Amino acid sequence: MSYKENLKNIKALVFDVDGVFTDGSIILQPDGSMSRIMNVLDGYAIVKAIKEGFVIGIITGGNDPMVKNRMQYLGVTDIYMKSHDKMEDFEDFVSKYQFQNHEILFMGDDIPDKYVMEKVGIAACPINAVPEVKEISHYISNIHGGKGCVRDVVEQVMKAQGKWHDDNTQSI
């Protein structure tokens with residue numbers, strides 16, 4: 001069965017951050033802080049998805065307050081930072097909303113994401129994900145992490161469900 005047939009079942013989209021919303025690069029600042037760059041196309045898609053009733057989750061091993069601020073700014077409320085066990089946080093997310101695993105798309109790029117990706121309806125990754133993640137992915141975006149791969153999968157899900165249309169969502 002093609003992953004495209006399963007897009008209509010998706011109610012929630014869950015994402016890793018580094019390597020998915022970002023290109024995985026970290027800019028080290030002189031004061032010791034770190035910076036990441038995120039793509040506005042991804043932000044727009046997240047806002048649009050939330051407006052259409054999709055539940056968005058973030059599960060990341062990172063603990064950068066700016067990442068949390070960005071996600072909250074976009075309207076994401078289910079943010080698991082400093083995740084040492086992504087499966088445990090995923091199970092908490094699923095339990096909170098009483099989702100079935102087949103109703104969830106998870107996009108990750110590296111080994112810590114693999115175990116969650118094996119449980120969901122659609123496992124997705126950017127084209128520059130590690131081979132072990134690509135091997136188990138139902139969909140490999142042709143877009144790199146941090147360059148719009150989140151937008152790619154969100155748009156596909158919403159189009160499959162007839163929910164991607166022109167509106168007045170402001171660019172983020």
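Mentor: Happy to! Helices H2 and H7 are roughly parallel to each other (an angle under 35 degrees; over 145 is roughly antiparallel, 65 to 115 roughly perpendicular and the rest oblique). This is a predicted model, in which local features need pLDDT of at least 70, side-chain atom pairs count only at pLDDT 80 or more, and totals for chains, interfaces and linings use all residues. Residues are numbered from 1 along each chain as its sequence is written, and side-chain values use heavy atoms, leaving out hydrogens and water.

H2 covers residues 40-51 and H7 covers residues 149-160, and they pack at about 30° with their axes 7 Å apart (axes are lines fitted to C-alpha atoms over the stretch in contact, and angles run from 0 to 180 degrees between N-to-C directions). Leu41, Asp42, Tyr44, Ala45, Ile46, Lys48 and Ala49 are the H2 residues in contact (heavy atoms within 4.5 Å) with H7. On the H7 side, the residues they meet are Cys149, Val150, Arg151, Val154 and Met158.

Now move to strand E4, residues 55-59. Helices (H or I, at least four residues) and strands (E, at least two) are DSSP runs, numbered from the N terminus.

What lies alongside E4? Strand E1, residues 12-15, pairs with E4 in the parallel sense over four bridges (strands pair if DSSP finds at least two). Alanine 12 stands opposite valine 55, and valine 14 has glycine 57 as its bridge partner. Glycine 57 also has a partner in strand E5, namely aspartate 78. E5 covers residues 78-80 and runs parallel to E4, joined by three bridges.

E1 is covered on both faces too: Ala12 and Val14 are buried on one side, Leu13 and Phe15 on the other. E1 also pairs in the parallel sense with strand E6, residues 104-107, over four bridges. There, alanine 12 has isoleucine 104 as its bridge partner.

Definitions and conventions: Buried means under 20% relative accessible area, exposed over 50%, partly exposed in between (1.4 Å probe, protein chains only).
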